[in-house]
Amino acid sequence: SREGYRPRLLTLPLVCCHQNKRIPTRTGNHMFRHVSFFSRKVVTKGGCCSKKNTNLIRRRMKSTFSDYRIYKDEGALSIGVVKPSFRAGGAEGQYLTLSRPGLVVFELASRYSEKMYDWKNKEAFYFNVAQAGELLAATELPIMFEGKRMAGDNAVFKKYTIEFHHGSESSSSNSNSQYEVLLKTDTLDEDKNETRISVPLTKGEFIVIRSLLQFSIPYMLAWDQAFSGGSTRTDGVTGSVFSGERYANAELPTTDLWGKHL
């Protein structure tokens, strides 16, 4: 009979690898020398702070998704990222090389009712590194980018044109909308349908967009991983390639670099 059964707690002594001391079994905010937190298996070498176990933790961490959204009466804009892809290099796959750079995706959705946007039929434009640089270097508006890709359930080619220009006076959002982003989509088939979605932008929102693009460029090229991983050898001394602490307070470019139109 299992009536009155109570599961027995683990009674093995646990040793915190940070303090090298015996601690109570019930303590839950530590990772222990002989227990792997993620695999629940005994770690025989290195402890929880070893490079091997740190890499194990990183591989099993869930991905993080984040975007920047702007909602207006005309439509909504969502800006997200597509992470770069890698392939194993070397005879035994001991290092990674960049196979496809990352992208910054602009998704636009039209508004069909109060506080409701048609995200199901959204349209998207993917900025690569060169296009992001061109938008950052622009000193005059309008500026336009084009791209083609296969999309939709029918797998038809579409031509995407995204344009940044000064906002129109007829914008119904508010008088502070000095800019506008317009995404035009043309289907390259017999029907030749065209859709247009525009979202007004304030000066502050436009600066945030450009700041996000500037911040994203090193990550699109995986330079953050290239600088932070591995080691370098200089004059017989091996050390870390890069330490980001000294650059933690790096300043963004001034508005003068982005043109007088800002």
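How many bridges join strand E11 to strand E12? Nine bridges do, linking residues 156–166 to residues 179–187 in antiparallel fashion. The model is predicted. Its pLDDT averages 74 over the chain, and 60% of the residues score at least 70.

**Sheet**
- Four strands make an open sheet, ordered E10-E11-E12-E13, with antiparallel pairing.
- Strand E10 (143–151) and strand E13 (194–201) are the edges, each pairing on one side only.
- From one strand to the next, the twist averages 15°.
- Glu 163 has Leu 182 of E12 as its bridge partner.

**Helices on the sheet**
- Helix H2 (residues 129–137) lies across E10 and E11. H2 runs at about 160° to E10.
- Helix H3 packs on the sheet and touches E11, E12 and E13. The direction of H3 makes about 110° with that of E13.

**Nonpolar core**
- The largest nonpolar core has 29 residues. Leu 77, Phe 106, Ile 162 and Phe 164 have the most contacts inside this core.
- Helix H3 (residues 203–220) supplies the largest share of this core, four residues.
- Beyond its neighbours within four places in sequence, Phe 164 contacts Phe 106, Phe 127, Leu 135, Leu 141, Pro 142, Ile 143, Glu 180, Val 181 and Phe 206.

- Where pLDDT is low, predicted coordinates should not be read in detail.

Notes. Residues numbered from 1 in each chain as written. Predicted model: local features only at pLDDT ≥ 70, side-chain atom pairs only at ≥ 80, totals over all residues. Heavy atoms only, no water. pLDDT = per-residue confidence, 0-100. Core = buried A, V, L, I, M, F, W, Y, C linked by side-chain atoms within 4.5 Å. Buried < 20%, exposed > 50% of the residue type's maximum accessible area, 1.4 Å probe, protein only. Helix = DSSP H or I, 4+ residues; strand = E, 2+ residues; numbered from the N terminus. Contact = heavy atoms within 4.5 Å. Pairing = 2+ DSSP bridges. Axes fitted to C-alpha atoms, helices over the stretch in contact; angles between N-to-C directions.
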